Amino acid sequence: MKFRFFLYLLFFFFSSRVALACPGTPQFTFPATWCVNSPVTFNNTSTNNPQSYTWTFGDASAAVTVTNDNDQTHTYTATGTYQIKLIRTFSNGCKDSVMHSITIVANNQNPPTFNFSPNNGCANVPVNFTN
């Protein structure tokens, strides 16, 4: 009787420690570098259909939870490098996630300046550009 109880405890202990493997793969694509104050789109390329997706964008904004795999758009208001995380949650409680970094840079407010010569002429005349 004690042996049977011991086997039951072992079974319970090991069976309760088995991790659920979520089906498919969480993934998204995006530009590695983007401009501040410009909306950036994160393309959800995850496989399988979880119950929900939660996006965190690595800044002070609140997490966004959606029940579809639509792409998400976010606007960063400061330059820097941010960690974007996509979490998939399935109805059986399984969760998995993927994380990537994006670098947000300042908009180029100053157009490039250069000189060129000659500034008139015919076709096939070489033009020299200087910065």
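Colleague: With which side chain does the side chain of His74 make a polar contact?

Modeller: This is a predicted model, with residues numbered from 1 along each chain as its sequence is written; local features need pLDDT of at least 70, side-chain atom pairs count only at pLDDT 80 or more, and totals for chains, interfaces and linings use all residues. Side-chain values use heavy atoms, and hydrogens and water are left out. A polar contact is a pair of N or O atoms within 3.5 Å; within protein, one must be able to donate a hydrogen and the other to accept it, and residues adjacent in sequence count only if both atoms are side-chain atoms. At 2.7 Å, the partner of the His74 side chain is the side chain of Asp59.

Colleague: Is His74 buried or exposed?

Modeller: Buried means under 20% relative accessible area, exposed over 50%, and partly exposed in between (1.4 Å probe, protein chains only). Because its relative accessible area is 10%, His74 is classed as buried.

Colleague: In which strand is His74 found, and what is the order of the three-stranded open sheet?

Modeller: Strands are DSSP runs (E, at least two residues) and helices likewise (H or I, at least four), numbered from the N terminus. His74 lies in strand β6, residues 72-74. Two strands pair if DSSP finds at least two bridges between them. The three-stranded open sheet is antiparallel, and its order is β1-β3-β6.

Colleague: How many bridges join strand β3 to β6?

Modeller: Strand β3 covers residues 40-44 and runs antiparallel to β6. Within this pair, Thr41 stands opposite Thr73. The number of bridges joining β3 to β6 is three.

Colleague: Which residue forms a salt bridge with Asp96?

Modeller: A salt bridge is a side-chain nitrogen of Lys or Arg within 4 Å of a carboxyl oxygen of Asp or Glu. The structure holds one, and its closest N and O atoms are 2.7 Å apart. The partner of Asp96 is Arg88.

Colleague: What is the relative accessible area of Arg88, and which backbone oxygen does its side chain reach?

Modeller: Arg88 is found in strand β7, residues 80-89. Its relative accessible area is 0%, so Arg88 counts as buried, and Asp96 is buried as well. At 2.5 Å, the side chain of Arg88 reaches the backbone oxygen of Thr47.

Colleague: Which residue in β7 is the bridge partner of Thr56?

Modeller: Strand β4, residues 52-56, runs antiparallel to β7 and is joined to it by five bridges. The partner of Thr56 in β7 is Lys85.

Colleague: Which are the edge strands of the five-stranded open sheet?

Modeller: The five strands follow the order β2-β8-β7-β4-β5, with mixed pairing. The strands that pair on one side only are β2 (33-35) and β5 (64-66).
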